[in-house]
Amino acid sequence: MIYLYAITEKLDRPLEALRGLDCAPLAYLRQNGLGAVVSVVETPTVAPTPRRLWQHEQVVEALMTRTTVVPARFSTVFADEATVLGTLADLHEQLEGDLERVRGCVELGLRVLRVAEPPCGEAEKDGLPCPDLLASEKNGHTFEIARRAAVLQREAMRRRDESLGEMLDRVLRDLSVDHVAEVEQGGSILMKASYLVEQRRLREMQQAVYRLMKTHRHLHFLCTGPWPPYHFVRPIEPEPVG
C-alpha cells in the first residue's frame with residue numbers, strides 16, 4: 001500500500017536524504033506535470049503515534065522549502081501506485097488550482113485565549129453588570145433581578161466577544177491572502193484562526209500579532225507556524241482500502 005505525503009510540482013532536487021513514516025524511503029510518482037511524494041506502508045490504516053505524526057510533518061515541511069505543495073492529511077493511504085496516478089489524473093484541475101492558490105505562501109495558526117475579564121468598571125461601561133452585583137442578589141424577590149442580570153451579562157459578553165474577535169481578525173486578514181476564523185462562545189478560547197500568508201509578508205504578519213498582544217493585555221495570543229497550507233487546499237480522499 002502507498003502512503004501519500006503531498007502533491008507537488010516538479011522537484012529539482014532528489015529525495016534520497018528524506019525519510020518517511022518508520023524511516024521508509026520516499027518515492028516520487030509523476031503524472032502530467034504533477035508529482036506525488038509517497039512511501040510504502042504495510043496497513044491501510046496508520047496509527048497516529050507522536051513519532052509518525054512528526055515524521056509526516058517533517059516530510060511535508062521539507063518539501064515546502066523546495067517547491068509548492070498540496071499537503072495530504074495524515075494516514076492518506078492508497079491501494080497501489082496505479083491508484084495514486086489515477087487520482088492525480090482525476091483531480092488534475094483541482095490540484096493545479098490549489099498549487100497556484102498557495103504558491104509562495106505559508107500558513108500561520110492563531111489561538112486567542114481569555115486570561116482575564118475586564119475590570120468591573122470597564123465591564124459596566126460596556127453594558128455588563130458588575131459580578132459583585134450578581135453576588136449580592138441571592139434570594140427572595142431579588143432572585144429574578146439577578147437571573148435577568150445574568151442573562152444580560154451573558155448576552156453582552158457574547159456581543160463583546162464577537163466584536164473583539166471580528167476586530168482582531170480584520171486587522172490580520174488584511175495582511176493575508178485568505179483566512180478561516182471562528183469566535184468561540186465561552187471557555188478559555190476566544191478565537192481560532194488560520195491565515196494564508198505570502199512569505200514576503202510573514203514578518204509583517206507576526207509583528208501585527210505582537211502589536212495586538214501589546215494592546216489587548218487581557219488576552220493571550222498563540223501564533224504558530226509557518227506551516228504547510230493544510231486549511232487552504234481541498235482534501236485528497238482516496239477510496240477505502242480493504
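How many aromatic pairs does a search of the whole structure find? I ran that search and got two. My criterion was that rings of Phe, Tyr and Trp (its six-membered ring) pair if their centres lie within 6.5 Å, with planes under 30 degrees apart counted as stacked, over 60 as edge-to-face and the rest as tilted.

**Ground rules.** I am working on a predicted model, in which local features need pLDDT of at least 70 and side-chain atom pairs count only at pLDDT 80 or more, while totals for chains, interfaces and linings use all residues. I number residues from 1 along each chain as its sequence is written, and side-chain values use heavy atoms, with hydrogens and water left out.

**Rings.** I looked up Tyr3 and Phe74: their ring centres are 6.1 Å apart and the planes stand at 70°, so I logged the pair as edge-to-face. Tyr3 sits in strand E1 and Phe74 in the loop between strand E4 (69-71) and strand E5 (77-78), so this contact ties together parts 71 residues apart in sequence. Helices (H or I, at least four residues) and strands (E, at least two) are DSSP runs, numbered from the N terminus. Tyr3 is buried, at 0% relative accessibility; buried means under 20% relative accessible area, exposed over 50%, and partly exposed in between (1.4 Å probe, protein chains only). Ring pairs join Tyr3, Tyr5 and Phe74 into a cluster.

**Charges.** Next I turned to side chains of opposite charge, which can pair when their charged atoms come close. I found nine salt bridges in the structure, taking a salt bridge as a side-chain nitrogen of Lys or Arg within 4 Å of a carboxyl oxygen of Asp or Glu.

One of them joins Arg51 to Asp22, at 3.8 Å from N to O. That pair links distant parts of the chain, with Arg51 in helix H1 (residues 50-64) and Asp22 in the loop between strand E1 (2-8) and strand E2 (27-31), 29 residues apart. Asp22 is partly exposed at 42% relative accessibility.

Which residue does Arg101 meet in a salt bridge? I noted Asp178, at an N to O distance of 2.1 Å. Here too the pair links distant parts of the chain: Arg101 belongs to helix H3 (residues 92-102) and Asp178 to strand E7 (residues 178-183), 77 residues apart. Both ends are partly exposed, Arg101 at 38% relative accessibility and Asp178 with a relative accessible area of 22%.

I also checked Glu100 and Arg103, whose side chains meet in a salt bridge at 2.8 Å, N to O. Glu100 is exposed at 51% relative accessibility, whereas Arg103 is partly exposed at 36%.
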